[in-house]
Amino acid sequence: MKQIPLVYFVDWGKIADAQIDAAFAELNEMGAKNIVIHPDWWLRDEEKGSFLDIIRKKMLAANLNGQACHGPWRNEYGLSCPDEEQRKKISLSHGRFINRVGDMGCLTYTVHLGENNLEYSKEYLHGQIRKTLDELLPEAEKSGVKIAMENMIDYQMSDEVAALAAEYEHSSLGLCLDVGHAHIKEGIETAIKNMAPYLVTCHLHDNNGGADQHFPPGFGSVDWEFLIPVLKACPRLVNAETEAGQYNGLSRSAAWEIFRNVWLKPEFVSGQEKH
Ligand SMILES: [Zn+2]
């Protein structure tokens with residue numbers, strides 16, 4: 001079975017600039033060589049023009065790779081933006097980010113398609129998504145990056161994103177299974193069944209089935225022993241992202257250790273100490 005790298009996510013929006021070097025050094029020391037490129041870095045780059053270069057240099061110095069990237073996730077960056085002028089701006093911004101992260105060696109770029117805006121029909125919003133994808137896919141192809149459409153909780157669940165991926169059948173377009181999102185409504189088994197052929201990345205985190213708590217594995221009710229082997233068997237999977245951020249005083253390295261162990265040996269989670 002091919003080796004799928006685990007990519008560590010840190011919520012950089014909560015970390016002061018002065019702490020970035022120390023955090024990078026810690027990630028390197030704990031063995032998390034692959035990290036998720038954060039959308040806040042891009043939004044700052046768009047404002048000032050050099051922030052991503054600063055981060056890139058720091059990552060190189062700390063020997064870290066930006067294997068995966070999350071595109072700006074706030075609703076105003078959704079691919080389905082109903083206002084055409086605004087949609088074009090969003091699309092151009094995603095396109096520039098994709099080019100930049102492609103240069104940094106990034107392989108996957110996760111996007112949120114945008115919330116269901118009830119003032120508009122689903123057909124109209126899907127039309128907007130298609131226009132944005134049509135603009136972004138050539139950029140992604142050129143940059144060697146795969147765009148990954150993420151399943152959400154109340155809208156754009158696994159069947160909807162999978163149908164779009166199937167419609168395109170494009171080598172630069174895949175899916176991102178958010179395990180926590182799937183666990184809350186539709187169930188992980190259903191989601192993975194729908195998404196498996198197109199899965200290029202995934203967001204690993206746990207919850208109690210009621211709220212999007214972003215816990216590390218084993219701290220909620222996700223069945224990791226079922227999930228991990230099925231994920232690893234997905235034919236197009238490029239990497240797997242940890243999305244637990246900081247949890248209840250668990251150190252960054254303790255959370256990383258849990259993810260690493262679960263990824264290698266999913267039965268580990270049943271034996272670990274619960275908080
Ligand atoms: Zn996610």
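This is a predicted model: local features need pLDDT of at least 70, side-chain atom pairs count only at pLDDT 80 or more; totals for chains, interfaces and linings use all residues.

Reader: What makes Ala32 count as buried?

Author: The cut-off is 20 or more other C-beta atoms within 10 Å. Ala32 has 22 such neighbours, so Ala32 counts as buried.

Reader: Where is Ala32 found, and which residues does Ala32 touch?

Author: Ala32 belongs to the loop between helix H1 (20-29) and E2. Leaving out residues up to four places away in sequence, Ala32 touches Tyr8, Leu27 and Trp256. Asn63 is 31 residues apart from Ala32 along the chain, and their C-alpha atoms are separated by 9.9 Å.

Reader: Why is Leu113 called buried?

Author: The same test applies. Buried takes 20 or more C-beta neighbours within 10 Å. Leu113 has 23, so Leu113 counts as buried. Leu113 sits in the loop between strand E4 (108-111) and H5. Its contacts, beyond four places in sequence, are Gly78, Leu79, Ser80, Ile129, Met149 and Gln156.

Reader: Which residues of helix H2 are buried?

Author: In H2 (residues 39-48) they are Pro39, Trp41 and Trp42.

Reader: How do you know that they are on the same side of H2?

Author: By the arc around the axis. They cover only 150°, which puts them on the same side of H2. The face turned away from the buried side carries the exposed residues Glu47 and Lys48.

Reader: What covers the buried residues of H2?

Author: The cover includes strand E2 (34-37), helix H3 (51-61), strand E3 (65-70) and helix H4 (84-103). Just after H2, Gly49 takes a positive phi of about 95°.

Reader: What makes H4 and H5 roughly parallel?

Author: Roughly parallel means an angle under 35 degrees. H4 and helix H5 (residues 122-143) pack at about 20°, with their axes 9 Å apart. H4 and H5 are therefore roughly parallel to each other. The crossing is right-handed. On the H4 side, the contact is made by Arg87, Ser91, His94, Gly95, Ile98, Asn99 and Gly102. H5 brings Gln128, Lys131, Thr132, Glu135, Leu136, Glu139, Ala140 and Ser143. These residues divide into three nonpolar, eight polar and four charged.

Reader: How do you know that H6 and H8 are roughly parallel?

Author: Again, the limit is under 35 degrees. Helix H6 (residues 158-168) and helix H8 (residues 188-195) cross at roughly 5°. H6 and H8 are therefore roughly parallel to each other. Their axes come within 9 Å. Ser158, Asp159 and Ala162 of H6 make the contact with Thr190, Ala191, Asn194 and Met195 of H8. Three of these residues are nonpolar, three are polar and one is charged.

Notes
Residues are numbered from 1 along each chain as its sequence is written. A residue is buried if 20 or more other C-beta atoms lie within 10 Å of its own, exposed if 12 or fewer, and partly exposed in between; C-beta atoms are placed from the backbone. Helices (H or I, at least four residues) and strands (E, at least two) are DSSP runs, numbered from the N terminus. The arc is that of the directions from the helix axis to the C-beta atoms. Two residues are in contact if their C-beta atoms, placed from the backbone, lie within 7 Å. Axes are lines fitted to C-alpha atoms, for helices over the stretch in contact, and angles run from 0 to 180 degrees between N-to-C directions. Angles under 35 degrees count as roughly parallel, over 145 as roughly antiparallel, 65 to 115 as roughly perpendicular and the rest as oblique. A crossing is left-handed if the near helix is turned anticlockwise from the far one by less than a right angle, and right-handed if clockwise. Ala, Val, Leu, Ile, Met, Phe, Trp, Tyr, Cys and Pro count as nonpolar, Asp, Glu, Lys and Arg as charged, and the others, Gly among them, as polar.
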